[in-house]
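I set out below, entry by entry, what I looked up in this structure. The entries follow the order in which I worked.

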Amino acid sequence: MIHVSRNEEKRGHPQTVHILFGDSPAGSLKSAFRKTTYAKTEEIIVLPDILSVGPIETIQAKEGIESRLQWFKENYRDDFNNLEDYKHGMLKAIEKIKAIPPHQKVIIWTCENAAEQTGLRIVLYLLQNEVNEVCELNTFKAFHECYTYPMLEAEQFPRSTGELIPEKLLQVYEQSELKPMNFAKRNAFSEEGQKLLLSENHLRTWEYGELRHPNIERGDAFIIHCAKRLHKELDTHDYMKAARLIGEVIGHMQQYTGDEWIEYRLRDLISKGIFEYRGDLRAMRRYEVKLKKELLH
């Protein structure tokens with residue numbers, strides 16, 4: 001059962017519910033709405049997760065969330081010591097999505113990346129039997145409708161909804177012509193969501209407008225390429241902070257994946273002997289890496 005706070009009771013029943021993936025974009029949208037009338041008419045639900053990495057099998061249920069948590073504990077250890085907060089946030093969000101009243105308009109915020117597109121499909125599966133009007137607000141497409149290409153510093157911006165500041169989120173929301181998703185598209189995405197929730201894959205990518213389950217080693221060559229560049233910039237074949245390398249990869253990848261996606265692959269490259277490391281692998285901030293010397297050329 002969802003407990004409604006006194007503030008929510010005072011606000012009444014919102015006309016529109018917004019669903020976002022990740023605390024950063026949700027926080028930005030809340031900030032954007034704070035001094036507007038939307039604070040009274042809109043509700044925000046956040047799924048606090050990056051769904052491009054890790055198992056999502058039966059994540060709509062408590063056992064699926066717990067299985068996902070166990071995977072993160074095994075693969076990331078100390079970096080995920082707030083897992084109980086995550087678990088509570090996920091359960092609360094899924095409960096809220098399932099309890100959306102039929103009169104509420106639903107807006108699902110996405111971008112051109114696997115994390116948000118995975119979320120879109122899972123949410124539509126959860127809403128498959130509901131009569132709500134559902135719209136997708138793709139922030140990449142909406143941003144490029146507001147601004148012409150010559151004005152952009154990088155054609156791939158934004159790679160995720162979280163890259164837009166609150167003022168820009170408000171602008172794309174107010175200027176976007178949101179149309180309800182038709183039945184065929186909604187049903188197709190819902191079926192994709194059902195398949196995702198049955199899948200045992202741990203990584204997902206977004207290519208040519210489609211979600212894909214990549215070769216597990218996808219992206220490794222780019223991680224190695226970035227490491228070579230950093231070694232060259234540092235003018236020494238010495239250890240570098242793992243977080244520095246992961247940040248470099250994320251900053252130059254065309255698609256947003258999240259740092260967990262990159263570190264998952266980096267740890268695998270360490271286990272294969274492609275990278276050497278020193279420090280404690282229990283957390284990203286605690287270890288350093290360098291390419292094997294023979295791979296530098």
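**Entry 1: salt bridges**

I began with Glu263, which forms a salt bridge with Arg267, their closest N and O atoms lying 2.8 Å apart. For a salt bridge I required a side-chain nitrogen of Lys or Arg within 4 Å of a carboxyl oxygen of Asp or Glu. The model is a predicted one, in which local features need pLDDT of at least 70 and side-chain atom pairs count only at pLDDT 80 or more, while totals for chains, interfaces and linings use all residues. Residues are numbered from 1 along each chain as its sequence is written, and side-chain values use heavy atoms, with hydrogens and water left out.

Glu263 and Arg267 are four residues apart in helix H12 (residues 259-271), so about one helical turn separates them. Helices (H or I, at least four residues) and strands (E, at least two) are DSSP runs, numbered from the N terminus. I then looked up burial, where buried means under 20% relative accessible area, exposed over 50%, and partly exposed in between (1.4 Å probe, protein chains only). Glu263 is buried at 1%, and Arg267 is buried at 13%.

I searched the whole structure and found 15 salt bridges. One of them joins the side chains of Lys87 and Glu66, at 2.8 Å from N to O. This pair links distant parts of the chain, with Lys87 in helix H5 (residues 83-98) and Glu66 in helix H4 (residues 62-76), 21 residues apart. Lys87 is buried, at 15% relative accessible area, whereas Glu66 is partly exposed, at 34%.

I also noted the salt bridge between Glu163 and Arg159, at 3.2 Å from N to O. A network of salt bridges links Asp220, Arg265, Asp268 and Lys272.

**Entry 2: the sheet**

In what order do the strands of the open sheet lie? I read the order of its four strands as S2-S1-S3-S4, with parallel pairing; two strands pair if DSSP finds at least two bridges between them. S2 and strand S4 (134-138) stand at the edges with a single partner strand each, so one side of each has no neighbour in the sheet. From one strand to the next, the twist averages 25°.

Ile108 has Glu136 in S4 as its bridge partner.

Helix H7 (residues 139-146) lies across S3 and S4 and runs at about 65° to S4. Helix H8 (residues 166-175) lies across S1, S2, S3 and S4, at about 130° to S3. Axes are lines fitted to C-alpha atoms, for helices over the stretch in contact, and angles run from 0 to 180 degrees between N-to-C directions. Contact means heavy atoms within 4.5 Å.

**Entry 3: nonpolar cores**

I defined a nonpolar core as a set of buried Ala, Val, Leu, Ile, Met, Phe, Trp, Tyr and Cys residues joined through side-chain atoms within 4.5 Å. The largest has 34 residues, and Ile59 and Ile97 have the most contacts inside it. Two or more residues come from each of strand S1 (16-21), strand S2 (42-47), H4, H5, strand S3 (105-110), helix H6 (114-126) and H9. H6 gives the most to this core, with seven residues.

Setting aside residues up to four places away in sequence, I find Ile97 touching Ile19, Ile45, Leu47, Val123, Leu126 and Leu127. Another core, of 28 residues, lies apart from it and has Leu203, Ala242, Ile246 and Ile270 among its members.

**Entry 4: Leu245**

Is Leu245 buried or exposed? I find it buried, at 0% relative accessibility. Leu245 lies in helix H11 (residues 242-252). Residues up to four places away in sequence not being counted, Leu245 touches Ile223, Cys226, Ala227, Leu230, Met240, Leu266, Phe275 and Val289. Leu245 and Ile223 are 22 residues apart in sequence, with 7.9 Å between their C-alpha atoms.

**Entry 5: Ser199**

I located Ser199 in the loop between helix H9 (183-196) and strand S5 (205-207). Ser199 is buried, with a relative accessible area of 11%. A polar contact of 2.9 Å joins its side chain to that of Asn201. Such a contact is a pair of N or O atoms within 3.5 Å; within protein, one must be able to donate a hydrogen and the other to accept it, and residues adjacent in sequence count only if both atoms are side-chain atoms. Beyond its neighbours within four places in sequence, Ser199 is in contact with Glu57 and His213.
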